Structures are given as structure tokens and as C-alpha cells.
Amino acid sequence: MNINGVQIDDTFAEAFNMRGTRVLITAQNLKWAYHAANAMTGFATSVIGCGVEAGIERELSAVETPDGRPGVSILMFAMGSKVLMQQLETRMGQCILTCPTAAAFAGIESEDQISLGKNLRYFGDGNQIAKLLPNAKGENQRYWRIPVMDGEFLTQESTGMVRAIGGGNFLVLGQSQPQVLAACEAAIDAMKKLHNVIMPFPGGVVRSGSKVGSKYPKMFASTNDAFCPTLKGIVKSELSDDIESVMEIVIDGLTFEDIAQSMKVGIEAACALGPENGIKRISAGNYGGKLGPHLFKLHPIMHGNLSTEAEQA
Amino acid sequence: MSALTFILKDAVKRIIDCKKLTPDTLQGKSLSDILAINLEKNLTVADVFDVQGDDATTLIFNNTTAQLQYIGYRMKTGNITINGDAGDFIGAQMQGGVLICKGNAGERAGDTMRRGILLIEGDAGDYCASNMRAGTLGVLGKTGAHIGYGMKRGTLLLSQTPAEQATWLDCGLHTLPFLNLLYQSFQTLDSKFTQLSNRRVRRWMGDVSGMGKAEMLVLQA
């Protein structure tokens with residue numbers, strides 16, 4: 001398969017089940033909403049070392065938020081509900097409670113609820129106030145008002161937790177490091193316009209794709225040597241002579257379709273730069289089907305088959 | 001389905017206890033069952049009100065006067081709208097739902113209220129929010145003496161400054177983003193409270209003769 005002169009490998013990205021949640025963060029203005037959200041989603045690139053994978057999903061206008069202030073929505077994913085709850089609570093306490101003017105609200109509906117401000121209320125030392133108020137749909141929601149030095153910290157008691165998918169990905173292979181990075185930036189710009197997905201790595205791009213295992217017994221992941229251009233003569237390389245750089249875009253999303261759509265949009269944007277800008281191939285990271293149940297096959301996705309059936313195709 | 005509506009008969013001149021007329025107590029009852037409910041000695045609903053409608057989750061009281069006491073007593077869910085004045089103890093021991101009084105309310109509105117929203121568009125009599133445990137009580141008109149007497153928790157939202165009391169302490173002027181949430185919760189209601197948008201308030205805390213965790217938010221011009 002070939003898009004705009006860029007080869008699309010007949011392979012798949014391998015993804016796994018996660019638990020996810022969405023939190024809406026508002027503040028006096030977008031600047032402070034971003035300060036809070038950036039702190040909340042900081043050091044959250046990979047569950048391997050951070051516990052959760054998190055990122056900013058999109059900006060919210062004042063009419064989209066519960067308290068009528070501008071904000072951003074963030075998505076957070078973990079391998080299990082216990083870790084997600086723990087990380088959400090810690091990050092709420094250290095990043096949202098502490099951030100001037102910031103408030104946090106539930107961003108997703110689910111029967112499974114996890115604590116947002118439920119336990120943070122004790123910071124109020126007995127002066128916290130609960131309010132049970134109907135939302136726009138007439139459903140009662142519990143909020144906490146916690147006295148803090150800038151006024152009040154306002155937070156909803158809990159947010160929903162849903163089943164989600166992590167580890168959707170694709171690799172951009174090109175002639176030089178700057179050219180591959182430019183293609184990845186174009187892909188991220190396009191993918192950020194979609195909802196329900198985040199790209200958790202710095203700037204949405206990861207340069208250190210990994211394989212399972214290592215020569216060192218204590219390491220359970222190590223550099224993906226088959227895609228390392230400086231090793232192409234000494235390992236069983238996947239790279240041809242004209243590839244000098246490979247970068248990966250990892251996607252976590254709420255559903256299979258969300259991730260598939262995001263991959264399609266991202267790959268199209270990267271391919272739009274074409275071989276004349278050094279973009280040669282698109283591939284994907286997989287572990288031979290051993291890691292997760294969700295297989296995002298590049299060819300069906302680029303043909304527009306975004307449903308879970310593409311997994312089976 | 002239309003709101004279950006109680007229209008007070010002009011001929012009725014005595015005090016009427018409306019404790020039995022809440023969405024919780026009336027749901028599942030037929031019109032004949034409702035008309036047969038005994039409100040006072042030898043006085044049924046049929047003697048006091050003309051009744052229309054069939055949706056017991058939403059009650060409307062029309063042609064009301066201060067004779068009607070205890071409207072919304074212990075209500076847990078649903079909505080009640082009083083199109084006129086109400087007597088004493090409206091919303092007493094309220095546990096949920098929304099109660100709107102479009103006229104004036106008598107004494108001890110929201111007494112020992114635990115949860116829910118009670119909105120009085122007119123004036124409220126003495127001892128408004130007495131012993132209130134929690135919930136939200138708003139008054140757009142004037143309030144009488146001893147407001148928030150023994151109030152433990154909960155929010156009193158007032159558009160007019162009440163008489164100062166020794167057991168309520170001034171916590172200063174504030175702009176509270178929380179009020180946006182509160183105002184948004186009013187938006188589905190048929191009430192003058194939907195017109196509120198001011199987040200600038202003077203906050204009082206009390207009643208410090210007891211627990212002292214309640215707040216009185218007085219809207220600033």
C-alpha cells in the first residue's frame with residue numbers, strides 16, 4: 001500500500017485494555033487552566049514508569065464547562081482501576097488543589113465512579129462544604145467547596161471510569177531526523193483536533209520505541225533495535241539504507257474507533273509531506289500479538305475500516 | 001401528564017396543614033385517593049382544594065395564602081411551586097427536591113431542612129432557616145428576625161442584607177465561582193432565581209452558638 005508515495009507496511013499496532021477517565025479543569029482563564037492541566041498530566045507518558053498515561057484532550061469554552069469558566073479536558077489512562085484511582089487522587093491533590101483559581105469536574109459518565117475531590121475535602125479541616133446540585137440534565141451531582149488561600153477550591157466529588165484502550169501507535173520512517181519530526185508534528189496537529197484520544201509522550205511523539213525484554217534480566221523492555229537506524233548493519237534491522245530516523249506516535253483512546261480514526265488522520269497528515277520531504281514509510285509497533293488483544297491493522301484503517309471488525313479482518 | 005395542581009378554594013378561611021401533600025406521598029395515588037386525604041379534622045383535600053392534573057412528581061399550589069402551612073414538609077424528590085404566599089414552616093425538614101414560593105413565606109421557612117433547594121421569591125418571615133442542617137435556601141425579598149437561628153450547615157442565599165446578629169460572623173466580601181454552578185442548577189426552573197448572575201457576595205458564617213458551619217451569602221449590588 002502506498003499513500004502519496006509513502007509506503008504503508010502491511011502490519012499492525014498492538015494495543016491493550018486500560019481503564020480511563022476524563023476530568024474537566026477550569027480556571028479564571030485558559031492560561032491557568034493550562035497550568036493546572038499541564039501539571040496534572042506531567043510525568044504521565046507511559047504506565048511503565050509513571051503509573052498513568054495522561055494528556056490534554058482539548059480546550060473547552062466557557063459554555064462547555066459546569067462553572068461557566070474556560071478550561072481544558074484531560075484524559076487519564078492506567079492498566080487497572082486501583083492505579084487510576086490512586087494516581088487521580090494524588091495528581092488532583094498536588095496539581096489542581098494547589099493551582100490558583102483551578103476547579104475540577106467530572107468529564108465522563110459511567111456507573112463506575114472514582115474519587116475526584118471526595119477525599120481532598122479533608123484538606124478543608126472541617127470547613128469544607130458539600131453541595132448537592134442538579135446539573136443541566138436534572139441529575140444531582142455532589143460538589144465540594146474547600147476553603148483555600150485564594151478563595152475556594154471547587155471540585156466535583158467523583159468522575160466516571162470507563163474501559164479504554166492504550167497503545168495504539170504508528171511509526172514514521174524517514175530520511176532525516178528533522179524531516180521525520182516535521183511529519184510527526186503535522187500528524188499530531190491533525191490528531192489533536194479529534195476528541196477521545198491523547199498522545200501522551202512529549203509533544204505527542206516518542207523516539208524510544210521499545211521491544212519486550214532485554215539482555216539485562218531486570219529490564220522488561222529495551223530499545224527497539226530493529227528500528228534503530230544506527231544499528232542497521234549489526235542487528236536484524238527493519239530499516240533500509242535510506243532511513244536515518246524513526247519516530248513513533250502512541251495513542252490512548254476511549255474506544256477502538258477513536259484510536260483507529262486518530263491513526264488514520266495522523267498517518268494521512270504525515271504522508272502528505274511525501275518522499276520529497278523525506279518521508280519514506282509508515283509502520284507500526286507490535287509484539288507479535290503477544291501483548292494485547294487489540295490489533296490496529298494499518299491497511300484496513302487506511303482504507304477507512306475503523307470498526308473493531310478491522311481487528312478481525 | 002400535567003402537573004398535579006391544588007387550587008385553594010376561596011371559601012376556606014382556616015389554617016391548613018399541607019404535610020401530606022408532597023411528590024413522595026402522592027405518587028401512585030389516584031385522583032380520588034388524593035381528594036380523600038384528610039388534611040385537618042373533618043377536612044379532606046376535596047374540601048380545601050380543587051385538584052387538576054396527574055403528574056405527582058411536580059406539584060403546583062395556586063390561589064394560595066398564608067393559611068397553607070408545612071408545604072413541602074419532609075419532601076425528598078420532585079418539584080413544588082407555590083403561586084402565591086405560603087404560611088409557616090414551608091420546606092420544614094425537607095430532604096430533597098425543589099420547592100419554589102413565588103410569594104411571601106411565613107415563619108420558620110426551611111426549618112430543620114436537610115437537603116434540597118428552597119427558593120422564596122418574596123419575603124420570608126422570622127426564624128427563616130431555623131435549625132437548618134444542610135441544603136440551599138434562597139430569599140429574594142426581605143427576611144425577618146432571627147434568620148438562621150441554630151442553623152448548622154447549608155447555604156442561605158439572600159438578595160437583601162438581613163438584620164445583624166451576634167451569632168453570625170462576617171467573613172468578608174468574595175467572588176465565588178461556585179455560584180455559577182448554583183445558578184446553573186436554577187436554569188431549568190420557572191423562577192425569578194434564574195435571573196441571578198452576580199457572584200459577588202458578603203459571606204457570613206454561623207450560627208456560632210452551635211456548630212457554626214452554615215453560611216449566609218448576601219448578594220452585592
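Buried means under 20% relative accessible area. The model shown in these close-ups is predicted.

**Figure 1. Helix H5 of chain A is largely enclosed by the rest of the structure.** Of the 18 residues of H5(A), 13 are buried, so the rest of the structure largely encloses this helix. From its first C-alpha to its last, H5(A) reaches 27 Å, close to the 26 Å expected at 1.5 Å a residue. Just after H5(A) comes A:Gly274, which takes a positive phi of about 70°.

**Figure 2. A:Phe256 and A:Phe296 form a stacked aromatic pair.** The whole structure holds 10 aromatic pairs over all chains. In the pair formed by A:Phe256 and A:Phe296, the rings are 4.1 Å centre to centre, with 10° between the planes. A:Phe256 belongs to helix H5 (residues 256–273) of chain A and A:Phe296 to strand S18 (residues 294–297) of chain A, so the pair ties together parts that are 40 residues apart in sequence. Both A:Phe256 and A:Phe296 are buried.

**Figure 3. B:Tyr183 and B:Phe186 form a tilted pair.** The ring centres of B:Tyr183 and B:Phe186 are 6.3 Å apart and the planes stand at 45°, so the pair is tilted. Both residues lie in helix H4 (residues 178–186) of chain B, 3 residues apart, which is about one turn of the helix. An α-helix has 3.6 residues a turn, so residues three or four places apart point the same way. Both B:Tyr183 and B:Phe186 are buried.

**Figure 4. Ring pairs join three phenylalanines of chain B.** The cluster consists of B:Phe6, B:Phe49 and B:Phe61, linked through ring pairs.

**Figure 5. B:Lys19 lies over the faces of B:Tyr70 and B:Tyr73.** B:Lys19 is 4.2 Å from the ring centre of B:Tyr70 and 5.1 Å from the ring centre of B:Tyr73. The side chain of B:Lys19 also meets that of B:Asp17 in a salt bridge, at 3.5 Å from N to O. With 29% relative accessibility, B:Lys19 counts as partly exposed.

**Figure 6. A salt bridge joins A:Asp242 and A:Lys280.** Over all chains, the count comes to 21 salt bridges. In the one between the side chains of A:Asp242 and A:Lys280, the distance from N to O is 3.9 Å. The pair links distant parts of the chain, 38 residues apart: A:Asp242 is in the loop between strand S15 (221–223) and strand S16 (245–253) of chain A, and A:Lys280 is in strand S17 (residues 279–283) of chain A. A:Asp242 is partly exposed at 34% relative accessibility, and A:Lys280 is partly exposed with a relative accessible area of 24%.

**Figure 7. A salt bridge joins B:Lys9 and B:Asp50.** The closest N and O atoms of B:Lys9 and B:Asp50 are 4.0 Å apart. This pair links distant parts of the chain, 41 residues apart: B:Lys9 sits in the loop between strand S1 (3–8) and strand S2 (16–17) of chain B, while B:Asp50 sits in strand S5 (residues 49–52) of chain B. B:Lys9 is partly exposed, with a relative accessible area of 27%, and B:Asp50 is partly exposed, with a relative accessible area of 40%.

Key. Residues numbered from 1 in each chain as written. Chains lettered and ligands numbered in written order. Predicted model: local features only at pLDDT ≥ 70, side-chain atom pairs only at ≥ 80, totals over all residues. Heavy atoms only, no water. Phe/Tyr/Trp six-rings, centres within 6.5 Å; stacked < 30°, edge-to-face > 60°. Helix = DSSP H or I, 4+ residues; strand = E, 2+ residues; numbered from the N terminus. Buried < 20%, exposed > 50% of the residue type's maximum accessible area, 1.4 Å probe, protein only. Lys NZ or Arg CZ within 6 Å of the ring centre and 35° of its normal. Expected span 1.5 Å × (residues − 1).
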